[in-house]
Amino acid sequence: MIRLYTWTTPNGRKVSIALEELGVPYEVRPVNLGANEQLTPAFLALNPNHKIPVLTDDELVIWESGAILLYLAEKTGQLLPADFKGRMAAIQYCFFQTGGIGPNLGRLGAQLRRPEAERNREMVQIFSDEVKRLIGVLDRILADGRLYLAGEYSIADIMHYPWLQPLQALRAPMLTDEPRVMAWLERIGARPAVQRGMKVPS
Ligand SMILES: N[C@@H](CCC(=O)N[C@@H](CS)C(=O)NCC(=O)O)C(=O)O
């Protein structure tokens, strides 16, 4: 039985989207980050890095969203291109997401959630410039007319969607300025499994 330890945040939703896409039965264990439940000894025993998501599959415990999505893709033989070049491209975009858009947008969000007087303006500028640049990179990748990042729908798209969807909902100019990224987000967001995964935990 697969168990997903998660919360209402982008990294957790990558995994619920993938599980919904795969139609794999799973049990949700909400970890309330607002109540610091990720710091409890029981959770630290699963993930010493005290972050969601964590996935357990019987005795196996995996953390880091990219590793979890790769595990699910390998286990089911889905959501990764079958050809070697395509697989490597998809994995490349997964690393690109966890090293770029994830941390930069995460830190930008953390600044913007503070009252205005408590924000570090320099940090806000640095993170928003970097997020804008990274969205520009996605736009450049999509410029050849491909529908999905690695050619076909894969974990590479799932890794990015929950991070960028809030910017889409806010109609943030750094995103709306890039019509190809907007169209790609709309394409992903139209998928029923994505819509279900974005509601986990309910
Ligand atoms: N690189 C990790 C990042 C996971 C992450 O940052 N999780 C956040 C929520 S989106 C978290 O659990 N934060 C709690 C903490 O840092 O104590 C991944 O991709 O899984």
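This is a predicted model: local features need pLDDT of at least 70, side-chain atom pairs count only at pLDDT 80 or more; totals for chains, interfaces and linings use all residues.
I begin with the loop between α2 (41-46) and β3 (54-57), where Pro53 lies. Pro53 is joined to Ile52 by a cis peptide bond, with omega about 5 degrees. His50 has its place in that loop between α2 and β3 as well, and its phi is near 40 degrees, a positive value in a residue other than glycine.

Around the ligand are Thr9, Asn11, Leu33, Gln38, His50, Lys51, Ile52, Pro53, Glu64 and Ser65. The side chain of His50 places an N or O atom 3.1 Å from an oxygen atom of the ligand. For Asn11, the distance from a side-chain N or O atom to a ligand oxygen is 3.5 Å. Glu64 has a polar side-chain atom 2.8 Å from a nitrogen atom of the ligand.

A cis peptide bond also runs from Val200 to Pro201, with omega near -5 degrees; Pro201 sits in the segment after α9 (192-197).

The axes of α4 (residues 84-112) and α6 (residues 155-170) come within 8 Å and cross at roughly 20 degrees. Angles under 35 degrees count as roughly parallel, and α4 and α6 are therefore roughly parallel to each other. The crossing is left-handed. Contributors to the contact include Tyr93, Phe96 and Ile101 of α4, and Met159, His160 and Trp163 of α6. By class, the contact residues comprise 12 nonpolar, 5 polar and no charged.

Key. Residues are numbered from 1 along each chain as its sequence is written. Side-chain values use heavy atoms; hydrogens and water are left out. Axes are lines fitted to C-alpha atoms, for helices over the stretch in contact, and angles run from 0 to 180 degrees between N-to-C directions. Helices (H or I, at least four residues) and strands (E, at least two) are DSSP runs, numbered from the N terminus. Angles under 35 degrees count as roughly parallel, over 145 as roughly antiparallel, 65 to 115 as roughly perpendicular and the rest as oblique. A crossing is left-handed if the near helix is turned anticlockwise from the far one by less than a right angle, and right-handed if clockwise. Contact means heavy atoms within 4.5 Å. Ala, Val, Leu, Ile, Met, Phe, Trp, Tyr, Cys and Pro count as nonpolar, Asp, Glu, Lys and Arg as charged, and the others, Gly among them, as polar. A residue is near a molecule or strand if one of its heavy atoms lies within 4 Å of it. A polar contact is a pair of N or O atoms within 3.5 Å; within protein, one must be able to donate a hydrogen and the other to accept it, and residues adjacent in sequence count only if both atoms are side-chain atoms.
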